[in-house]
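The following note concerns the surroundings of the ligand and a feature of the protein itself. Please read the points alongside the sequence and the structure.

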Amino acid sequence: MLDADFFRRWMAATAASVDREADRLTALDSAIGDADHGSNMQRGFTAVMAALEKETPGTPGAVLTLAGRLLISTVGGASGPLYGTLLRRTGKALGDAAEVSEEQLADALRAGVDGVMALGKATPGDKTMIDALVPAVDALGDGFAAARSAAEEGAVATTPLQARKGRASYLGERSIGHQDPGATSSALLIAALGAAAGGEARGE
Ligand code: ADP
Ligand code: MG
């Protein structure tokens with residue numbers, strides 16, 4: 001079962017990998033956007049970590065709804081409300097249980113991804129974070145490692161696509177040939193699940 005500490009570790013592992021990969025996220029966004037995705041994500045997850053230390057929410061749902069709220073209020077750009085909605089919807093779907101199963105997390109995350117699609121109107125193939133998140137949620141039933149692989153493959157698979165949503169869509173065909181920054185950061189978020197579960201410590 002996954003408790004509030006697991007969800008805190010998930011957010012901490014995401015914050016750490018966003019810090020590590022910020023320059024790469026910004027470089028990807030400079031190719032097809034406005035070169036702020038790394039700093040947007042860093043600012044958001046720094047605020048999430050500060051809030052989690054101050055408030056120490058006691059349930060999985062409360063950890064994620066707080067994180068989502070902070071992302072909405074601190075991240076500029078399209079990605080803030082989208083990631084905020086993802087975590088808030090996922091948190092709401094988890095309710096106020098003290099512990100949740102991996103299966104409950106998979107169902108809740110699917111509700112979160114549905115919320116992102118409802119807000120941003122993107123569907124798979126539009127070259128957005130959805131292209132990493134949907135395959136990740138589909139694979140989550142097979143475990144965190146499978147979800148990570150699916151998210152990373154989904155992010156890489158955005159490269160040949162033409163963007164149909166967000167700032168990159170203004171480029172039309174010139175968006176082809178570049179990996180989507182938001183799909184790349186979504187793969188970091190999903191990979192952090194395994195880190196929170198101790199996968200990295202076990203060398204997985
Ligand atoms: P901005 O585009 O406002 O500068 P960011 O650079 O932080 O915001 O985030 C860009 C990322 O947001 C894109 O790479 C894409 O994955 C994601 N994105 C943009 N618009 C949408 C949308 N409508 N639906 C889903 N994801 C989107
Ligand atoms: Mg940007």
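1. The shell around ligand 1 comprises six nonpolar, eight polar and six charged residues. Here Ala, Val, Leu, Ile, Met, Phe, Trp, Tyr, Cys and Pro count as nonpolar, Asp, Glu, Lys and Arg as charged, and the others, Gly among them, as polar. This is a predicted model, in which local features need pLDDT of at least 70 and side-chain atom pairs count only at pLDDT 80 or more, while totals for chains, interfaces and linings use all residues. Residues are numbered from 1 along each chain as its sequence is written, ligands are numbered from 1 in the order in which they are written, and side-chain values use heavy atoms, without hydrogens and water.

2. Of the 20 residues around ligand 1 (a heavy atom within 4 Å), Asn 40, Ala 78, Ser 79, Gly 120 and Asp 180 come nearest. Helices α2 (37-55), α4 (79-94) and α8 (181-196) each supply at least two residues of this shell, and α8 gives the most, with three. Helices are DSSP runs of H or I, at least four residues long, numbered from the N terminus.

3. Oxygen atoms of ligand 1 lie 2.6 Å from a polar side-chain atom of Asp 180, 2.9 Å from one of Asp 34 and 3.3 Å from one of Arg 167. Taken alone, ligand 1 exposes 570 Å², of which the protein buries 93% (Shrake-Rupley method, 1.4 Å probe).

4. The whole structure holds six salt bridges (a side-chain nitrogen of Lys or Arg within 4 Å of a carboxyl oxygen of Asp or Glu). Arg 8 forms a salt bridge with Asp 5, with the closest N and O atoms 3.1 Å apart. Both residues lie in helix α1 (residues 4-32), three residues apart, about one turn of the helix.

Conventions: A polar contact is a pair of N or O atoms within 3.5 Å; within protein, one must be able to donate a hydrogen and the other to accept it, and residues adjacent in sequence count only if both atoms are side-chain atoms.
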